[in-house]
Every structure is written in structure tokens, then in C-alpha cells.
Amino acid sequence: SNTAVGFASLQLNVAGNNNTAVGASSLQNNLADNNTALGAGALNLNTTGINNTALGTATLNTNTTGANNTAVGTAALNLNTIGTQNTAVGAAAGQQNTAGSFNTTVGFSSLQANTVGLGNTAVGFTALAISTGNFNTAVGNAAGSLLVTGDNNVYVANTGLAVESNTTRIGTTGVQTRCFASGIRGVVTG
């Protein structure tokens, strides 16, 4: 059975089961099973995507076939169409993702410009906000926020550079002045 509350919610559903739609036009085009949409326009264009959860106005709004996504916050994963297994928490988190999969983003505008990138983790306000790469990890306020293209980077409290790959950056120049890392020895750097 399905639950629909709001103008045009689950309007075109003819076969989908176990769906919950609350808000105007939520799950309006849905034909699939096991989706939850709370908020105006949430999962509006979803047709065959299953097991999605959208909480907030325009969350997963253009999702059509993407499955197993979770979006919480206004416009989170807003442009996702076919991307799968993404988690976005925060207003505009993962907003421009269309086909990227296996991404986790938490924080306002985090991983916002990613469209097709895979396996990224962004935690913090604007973390990896303009990145389009793959397998990047950023933790902290604005962590990795300068990265545009590049893969396999790790940023902790560091904005990074516009283009780089396979790089680890920890701390902010002029802010963190000491580092203690147990077990690292025998490596001399200039």
C-alpha cells in the first residue's frame, strides 16, 4: 500500500508499492517501490528508482532511475537522475550530482558541483564544493574546497589546490603549527 498527502503526490503511480509521499508533487511520477518523499517536489520525477529517501523541498527532485539514495535538506541531490547509493545531508549537499554514485556528503553545499564523480566523502561546510573528481575524502570546514579536478586526495582541515591527485593535506598553514603522529619515523622531508 501507499500513502500520499499533498497535491499531485503519487499522482501517476499505478504499480509502485510501499511508498510514502508527503508534500505537493512528491513522488508525482513514481512507478517504483519502497520510496519515501517528504517535502514539496521531493522525488518528483522518480519513475523506476527504488529504495530512495528524500526529506526536504526539492530533494532528489529530478531522480528518475537512481536507487538507494538518501537526501536530507533543501535541494540535496536535487539534480540526481541515475546516480545510486549516494547519501547527502545538508541544504544543497550533492546538489548537481546527476550520475555519480557511492558518494557521502554532509554539510551545506558540500560536494555541490560533483556531477559524475564516484566514491567521494565530504564532511563539513562546503567540503569538496567544486570538486568533480573521484575517491576524494575531505573533513572539516571548507576542506578540499579549492579542488576542481583530481582523484584520490585526502584533506583534513585543508582547502587543497585546484588540480591535484594522490595527495594528503592535513591542517591549515599558519593555524596548525605542530603535529604529533605516532609510529611515523625514518622519513626525512625538506
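The legends below describe views of a predicted model.

**View 1. Strands and overall extent of the protein chain.** The protein chain holds 11 strands and zero helices (DSSP runs, E of at least two residues for strands, H or I of at least four for helices, numbered from the N terminus). Its C-alpha atoms fill a box of roughly 65 × 30 × 25 Å along the principal axes. Of its 190 residues, 45% count as buried (under 20% relative accessible area; exposed is over 50%, partly exposed in between; 1.4 Å probe, protein chains only).

**View 2. The largest nonpolar core.** This core has 13 residues, of which Leu27, Leu43 and Leu60 touch the most other members. A nonpolar core is a set of buried Ala, Val, Leu, Ile, Met, Phe, Trp, Tyr and Cys residues joined through side-chain atoms within 4.5 Å. A second, separate core has eight residues, including Leu111, Leu128, Leu147 and Tyr155.

**View 3. The salt bridge between Arg169 and Glu164.** One salt bridge is counted (a side-chain nitrogen of Lys or Arg within 4 Å of a carboxyl oxygen of Asp or Glu). The side chains of Arg169 and Glu164 form this pair, at 2.9 Å from N to O. Glu164 is buried at 10% relative accessible area, whereas Arg169 is partly exposed at 26%.

**Notes to all views.** Residues are numbered from 1 along each chain as its sequence is written, and side-chain values use heavy atoms, without hydrogens and water. Local features need pLDDT of at least 70 and side-chain atom pairs count only at pLDDT 80 or more, while totals for chains, interfaces and linings use all residues.
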